[in-house]
Amino acid sequence: MPALTPGSPAPDFDLPTDGGGRISLADLRGRKLVLYFYPKDNTAGCTLEAIDFSAQAAAFEAAGATVIGVSADSVKSHDRFKKKHDLAIRLASDEDKTMLEAYGVWAEKQMYGRSFMGIVRTTYLIDTAGKAARVWEKVKVPGHVEEVLAAARDL
C-alpha cells in the first residue's frame, strides 16, 4: 500500500538531480508534479518508462506539470542514463532512501522465489497545493505515461 492516498499531503523532499542540480517539493509549490519512482537506470522497463515520459515532456509542460523520475541510483548514474537515452526529464537521486521510504515505494519485493528490498514502480500526481491527486501502484509501463498525462491535464 502506498504511503500517499488521494488528498494526503506529499512529504517534503530535497534531492540532488542529474546535471549537478537539486530539487525540492518547496521549489515546485504551485505547479502540478508527476513523481515517478523506478527501480534502476538502464534496465528495460525503466528505460522505456523514461523514454516515454521524455517523449511527452512538452505536453506535460503545457499541462503545467513537472515530471521527475526518482530512483536510488547515484547522480553519476543518472547523468550517464540521461545522456545515453537523450532524456528530457529530470532525474533525482535518493541513495539513502529517505524519500523512497516516505513515499512508501521502498518495499519488499519478490523475484524468482527470493525476497529483497527495492523500489516498487509507482507514480504520484501531486496537485498545486502539494497534495496527492492520483496514485498509480505497481505500474505497468505500456500506456502508463498517456494515462498520467490525461490525469495531469484534467487536474
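Contact here means heavy atoms within 4.5 Å. This is a predicted model, where local features need pLDDT of at least 70, side-chain atom pairs count only at pLDDT 80 or more, and totals for chains, interfaces and linings use all residues. Residues are numbered from 1 along each chain as its sequence is written, and side-chain values use heavy atoms, with hydrogens and water left out.

**View 1. Phe60 and what it touches.** Skipping its neighbours within four places in sequence, Phe60 is in contact with Val34, Phe53, Ala65, Val67, Val145, Val148, Leu149 and Ala152. Phe60 is also among the residues with the most contacts inside the largest nonpolar core.

**View 2. The largest nonpolar core.** A nonpolar core is a set of buried Ala, Val, Leu, Ile, Met, Phe, Trp, Tyr and Cys residues joined through side-chain atoms within 4.5 Å. As for exposure, buried means under 20% relative accessible area, exposed over 50%, and partly exposed in between (1.4 Å probe, protein chains only). The largest core has 23 residues, and Val34, Tyr36, Phe53, Phe60, Val67, Ile89 and Leu91 are the ones with the most contacts inside it. At least two residues of this core come from each of strand 3 (32-37), helix 1 (44-55), helix 2 (57-62), strand 4 (65-71) and helix 5 (144-154). Helices (H or I, at least four residues) and strands (E, at least two) are DSSP runs, numbered from the N terminus.

**View 3. Helix 1 against helix 5.** These two helices pack at an angle of about 40 degrees, with their axes 9 Å apart. That angle makes helix 1 oblique to helix 5. Axes are lines fitted to C-alpha atoms, for helices over the stretch in contact, and angles run from 0 to 180 degrees between N-to-C directions; under 35 degrees counts as roughly parallel, over 145 as roughly antiparallel, 65 to 115 as roughly perpendicular and the rest as oblique. Glu49, Asp52 and Phe53 of helix 1 meet His144, Val145 and Val148 of helix 5.

**View 4. Gly7, ahead of strand 1.** Gly7 sits in the segment before strand 1 (14-16) and is partly exposed, with a relative accessible area of 44%. Leaving out residues up to four places away in sequence, Gly7 touches Lys131 and Ala132. Gly7 and Ala65 are 58 residues apart along the chain, and their C-alpha atoms are separated by 18 Å.

**View 5. Two loop residues with positive phi.** Asp86 lies in the loop between helix 3 (75-85) and strand 5 (90-93), and its phi is near 50 degrees, a positive value in a residue other than glycine. Asp86 is exposed, at 67% relative accessible area. Lys97, in the loop between strand 5 and helix 4 (98-102), has a phi near 70 degrees, again positive in a residue other than glycine. At 23% relative accessibility, Lys97 counts as partly exposed.

**View 6. Arg134 on strand 9.** Arg134 belongs to strand 9 (residues 132-136) and, with 35% relative accessibility, counts as partly exposed. Not counting residues up to four places away in sequence, Arg134 touches Thr123, Tyr124, Leu125, Glu147 and Ala151. One of these, Tyr124, is 10 residues from Arg134 along the chain, with 5.9 Å between their C-alpha atoms.
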